[in-house]
Amino acid sequence: MSPQVRMINDIAAQFRHQAPDAAAAAIAEHIRAFWDPRMRAELARRVEAEPEALDPLALAAGRLLTTM
Amino acid sequence: MSLLKEPDLGTPARPGPATVSLEVDGLPVTVPEGTSVMRAAASCGIDVPKLCATDSLEAFGSCRLCLVEIDGRRGTPASCTTPVTDGMRVSTQSPKLEKLRQGVMELYISDHPLDCLTCSANGDCELQDMSGTVGLRQVRYGYDGANHLDEKTDTSNPYFDFDASKCISCSRCVRACGEVQGTFALTIEGRGFGSKVSAGGTDFMSSECVSCGACVQACPTATLQEKSVIQLGMPSRSVITTCAYCGVGCSFKAELRGAELVRMVPYKDGGANEGHSCVKGRFAFGYATHPDRVLTPMIRPTITDEWQPVDWDTAIAYTAARLRDIQSRHGVASIGGITSSRTTNEEVYVVQKMIRAAFGNNNVDTCARVCHSPTGYGLKQTFGTSAGTQDFRSVAKSDVIMVIGANPTDGHPVFASRMKRRLREGAKLIVVDPRRIDLVRSPHIEAQHHLQLAPGTNVAVVNALAHVVLTEGLVDRSFVDERCEDFDDWAAFIARPENSPEAVEELTGVPAEEVRQAARLFATGGNAAIYYGLGVTEHSQGSTMVMGMANLAMATGNIGREGVGVNPLRGQNNVQGSCDMGSFPHELPGYRHVSDDVVRGVFENMWGSTLQAEPGLRIPNMFDAAVEGSFRALYVQGEDIAQSDPNIKHVHAALAALELVVVQDLFLNETAKFAHVFLPGTSFLEKDGTFTNAERRINRVRPVMAPKTGKHEWQIVAEIAEAMGYPMRYDDPSQIMDEIAALTPTFAGVSFDKLDKLGSVQWPCNDAAPEGTPIMHMDGFVRGRGRFVQTPFVPTRERSTRKYPLILTTGRILSQYNVGAQTRRTANVAWHPEDVLEIHPHDAEDRGISNGDEVVLTSRVGATTLRAVLADRMPVGVVYTTFHHPVTGANVVTTENSDWATNCPEYKVTAVQVGLKSPAMAG
């Protein structure tokens, strides 16, 4: 598993108590605030290439990031 | 300055306003109620003779030298034990008193070696001084009677000797060990003439003594004397500076004889330590002059080449050229650096400035990443700033102290002594730790509750504590309503049945009733304070746990006054400072995000450079990017990542993949094995700058000697930046602090001049608080309202399995410090020559392991060999080790798991197996 996928799945697990849309937005915001652009680019690639590896909330956040 | 002798007023100060007026030898003086006559006299410049009294200890009244006469009172009371009363008239000198004092001194001297001229304490001996003060001219008893002159000297301690023949049995050492240090290792053995100081019936090295030096400092004669003073002679000048070990940040007088450092003596006016010390700061400074230190820059084209010593100009030009070359081939973001929590604020600041302004990216991180980065995240989310809430003195006002994931007696010993003093006075103690740390039960202290939780279940426990507070109606509603936000959502979350102590009992291993009682005590016991360490942060939910503790403190109203608060015990001397100085890849100095255009604009104007608005790589991300290939060069300031970071195989692979590793350090450490440039650093004795301790106290670090390398570390960094084409010029480090103050609102009022004037200040220090801020969030939180954050428990993915059935947790011990680069090069190795694996006797028996056996510790990422020590401090199923020695390499087995928010490694939970080392492996 790539570091980016592992890390976003870890983050997603912390927001599971929130409504899905709010959780995805919070995860995306966190990544936007703390991740280097190359890590976000790699995540975007993984979102397209192996969506099944991502937690559903992580996947939603990953897709949100591409539109931010 | 010449040798600084601080005034000794004889007995401790008493709190409160000066309301009691009296006359001493005709001089009027007004002092607080409860003050001794001795201290009142000293306050108006009259020193009453004394031997058993010193102002760090409560009065004892044994030496009978400090007798005085008081109008209207019979006899000659001891001034140390006599409290002042209003209107009292005291005489400290009279023929009668003179005769009495001379009589006392005669008795002392009749049983004391008369070797003053050759004694190591000659010139620094209170017995010698008092003989002169009382006018002793004869010893009528002679010297041939029964005496103690043949008592043997105990030389077992590596740092000080105990010469019993010189002891006057004043008990100052015994009382210092108890009152100041709180260890109670010393006692007076025997009775009457046979009374003598004893380290519990054995020698000092074999005793419970922790070598803090309090006894040596308290001794009025040469009985307890530093070996360095015996060997080198009495020092002649002092430099006041700050210790470079843990985050307590003790102030010391470095005492020198000529250019040679003789001893470090804790400074009474030091705000953090107030005259106390531990074995590391007091004695373990020999590494600074150890022959292993490299003093000349070195370069090599590849890591298989021999090092070539070069001059500074060559090293700096080589470093700059290679960094620029790599950027030209791989892009601006292909290089970065790591700042060190062992260096000064000024040295950290210039490294992050070099990276942001000269490298042109935000690839800067700090070793705080692997310790307290979750503190930064968690406290900022809840309170609005990344810092502990209290000063150390605050603990004296606590009624309930909760210690979570910290071992203060080993990790932060000088603060632990303050805490133990308060506990002996009656404060209640709750310990939350998988390990039965010493605080749980030590002399005169016993925890009311030890929540011995399973590693990795912190959040479940803190949620359960909060659940009890909420559901049993123990919330401080007025505090919450006036000061906080998002309470209702949090309350709904925390009230859920799955957060109850009963629901999590099986998971955490902590009996529900114990949790309930602890929660009630915390909420209703008066001022309740939380102190925590890496047992909180170094988990996959480290940041969540920090927020959980903040929630608990807010819910119970324990924020914003003395005696309460949420207090990180920082690991290294300048963890707080390195974070304050903008070492994180997403934050500029003062914890302001790089994406903030206004803030970035201020820095761009001052620095004359365009700054990136995107966050850079964190340390673990740098390793991943190095392996992946987009990160090509790393500048490492004073951190041994090849030993201290988790999953060492991965770290080594990353370092080996880099084109350029620059190491700036005292020693050729493990990381230097992967380095192409070695830039010799300076020890704290050579530095000129500031450290910021765990209570936000900015202390001056003053040079005791010139840099042995010929260059200050900030100069090296500035010259590399210059060589890369970015102008960075300072004449001295005070200019760097001035720049920090100009750019950082919380440091706006800080300058070297102010620090020299006030001694130290605690940030925020600005127009609103020109002398600093000991207690934060008093009238409101930094973020306005304190924010309750929901903290669901998410178990770590690191689980014990059939293959790896035990959980390893790690920590450190008193005598050693982190990776041991400093303490392993001192006599402290006498206490800890190797890392060992503590294993519960049941787990050992299951595996056929006996005490002292060599065992193999294996996790899914690696294996190492240690010696087993059977101990029941941990529950069954949990093993423990330290990481002070590279040969054992505890981080060979730790994993890539990290805190979800900050990537702080999960050092505290690793699934492992332990087995006897087989004869084949041994062979």
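**Figure 1. Exposure of B:Trp307 in the predicted model.** B:Trp307 has 18 C-beta neighbours inside 10 Å, so this residue counts as partly exposed. B:Trp307 sits in the loop that runs between strand E13 (298-299) and strand E14 (308-309) of chain B.

**Figure 2. Contacts of B:Trp307.** Leaving aside residues up to four places away in sequence, B:Trp307 touches B:Met298, B:Arg300 and B:Phe678. B:Phe747 is 440 residues from B:Trp307 along the chain, and a distance of 41 Å separates the C-alpha atoms of the two.

**Figure 3. Helix H3 of chain A.** Helix H3 of chain A covers residues 37-49, which is 13 residues. At 1.5 Å a residue, H3(A) should span 18 Å, and the C-alpha atoms at its ends are 18 Å apart, so the two values agree.

**Figure 4. Buried residues of H3(A) and what covers them.** The buried residues in H3(A) are A:Arg38, A:Met39, A:Arg40, A:Glu42, A:Leu43, A:Arg46 and A:Val47. Their cover includes three helices of chain A, namely H1 (3-14), H2 (20-34) and H4 (56-67). Helix H22 (619-628) of chain B is also part of this cover.

**Figure 5. The contact between chain A and chain B.** Chain A gives 13 residues to the contact and chain B gives 18 residues. On the side of chain B that touches chain A, the largest share comes from H22(B), with three residues. By type, the residues on this side of chain B are eight nonpolar, eight polar and two charged.

Conventions. Residues are numbered from 1 along each chain as its sequence is written. Chains are lettered from A and ligands numbered from 1 in the order in which they are written. This is a predicted model: local features need pLDDT of at least 70, side-chain atom pairs count only at pLDDT 80 or more; totals for chains, interfaces and linings use all residues. Helices (H or I, at least four residues) and strands (E, at least two) are DSSP runs, numbered from the N terminus. The expected span of a helix is 1.5 Å times one less than its number of residues. A residue is buried if 20 or more other C-beta atoms lie within 10 Å of its own, exposed if 12 or fewer, and partly exposed in between; C-beta atoms are placed from the backbone. Two residues are in contact if their C-beta atoms, placed from the backbone, lie within 7 Å. Ala, Val, Leu, Ile, Met, Phe, Trp, Tyr, Cys and Pro count as nonpolar, Asp, Glu, Lys and Arg as charged, and the others, Gly among them, as polar.
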